[in-house]
Amino acid sequence: MLKGRLGLESARVPQGDRHGLLWLGKGRLMVQDGVLHFLTTGDGDLEAGDYTIPFQNLSCIVMQPGTSVTHDALRILASHGTGLLAVGGAGIRMYASMPFGPDASERARSQARHWADPDARSLVARRMYGWRLGEVLPSADISVLRGIEGARMKETYRRVAEQFGISWRGRRYDRQEPDAADYANQAINHAASATEGAAMLATSVTGTIPQLGFIHEDSGISFCLDIADLFRDEITLPVAFGAVREHAKAPAADPLERVVRRVAARTFYREKVVVRMIDRIKELFDVDDGRGNA
């Protein structure tokens, strides 16, 4: 006979045998008769109803807008090592996370080893630049790599803006007055924030260390910024310029930032951005749990 109020204390499932993430929105996560339930009015692919949640088989539950959680639900999730993240729609913002993570430290230790060794650190940076630019750059000097990437990004901005029919006069904005920039630059800022939110979610799920970046260095989320940049060409810029185009059709309907969030959420969901970020992080540090799960 299983012990404890909920009868589950001795039945924890190892993280490697769990099934990734469960995304929930517009509902209430609660406990009824010792069982975790999600009562929803319907959100996306999930129809309205009362669902039993097999939380012991999940690595993490992701709460999207319109979702609330009871104290009892938090308690049983924490006691069984199931993570809980509060995010914007489709992961465009990362608001909070309940402490959790893989039940082993290999991935974080691998990241720390790569970060602490100058040669290994350079190899990781070159690998990330290689993913972005389609080739492994010969130089190992980070300042040279940044210069090459910066020069190529100028052409990428121009090309993607042209694809969306957006007037582009260069990447310009004042950090003190971001709203003073033109719509294209404002949209890039908002889209970058959304992609960074998704990267923070992926970093939390994989149990990696946000502060230990390989290209970015000073930020407290440097590694998240590294991961977000992997998707700048393919995701961030198309989201930004697509939102500018959408906003131009009805500029009084919604602020530009809201339009960017909406486009980002659709894109992240369609392109499985968070899952792909998680896979990239695993590739970087050569850690596999045997099932492809976080």
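Q: What percentage of the 294 residues in the protein is buried?
A: A residue counts as buried under 20% relative accessible area, as exposed over 50%, and as partly exposed in between, with a 1.4 Å probe and protein chains only. In this predicted model, 49% of the 294 residues are buried. Local features here need pLDDT of at least 70, side-chain atom pairs count only at pLDDT 80 or more, and totals for chains, interfaces and linings use all residues. Residues are numbered from 1 along each chain as its sequence is written, and side-chain values use heavy atoms, leaving out hydrogens and water.

Q: How many helices and strands are there in the protein?
A: Both are DSSP runs numbered from the N terminus: helices are H or I with at least four residues, and strands are E with at least two. The protein has 9 helices and 8 strands.

Q: In what order do the 4 strands of the open sheet stand?
A: Two strands pair if DSSP finds at least two bridges between them. The order here is E4-E3-E2-E6, with mixed pairing. Strand E4 (49-52) and strand E6 (67-69) are the edge strands, each pairing on one side only. From one strand to the next, the twist averages 25°.

Q: Which strands pair in the antiparallel sense with E3, and over how many bridges?
A: E3 (residues 35-40) pairs with E4 over 4 bridges, and leucine 39 has aspartate 50 in E4 as its bridge partner. E2 and E3 are joined in the antiparallel sense over 6 bridges; they form a hairpin with 2 residues between them, and aspartate 33 in the turn has a positive phi of about 55°. By contrast, E2 and E6 run parallel, joined by 3 bridges, and arginine 28 stands opposite serine 68 in E6.

Q: Which helix lies across strand E2, E3 and E6?
A: Angles run from 0 to 180 degrees between N-to-C directions, and axes are lines fitted to C-alpha atoms, for helices over the stretch in contact (heavy atoms within 4.5 Å). Helix H1 (residues 71-79) lies across these strands, running at about 70° to E2 (27-32).

Q: How do the axes of helix H4 and helix H7 cross, and what distance do they come within?
A: Two packed helices are described by the angle between their axes and the distance between the axes. The axes of H4 (residues 142-163) and H7 (residues 232-249) come within 9 Å and cross at roughly 40°. The two helices are therefore oblique to each other, since angles under 35 degrees count as roughly parallel, over 145 as roughly antiparallel, 65 to 115 as roughly perpendicular and the rest as oblique. Residues making the contact include Met153 and Tyr157 of H4 and Leu237 and Phe241 of H7.
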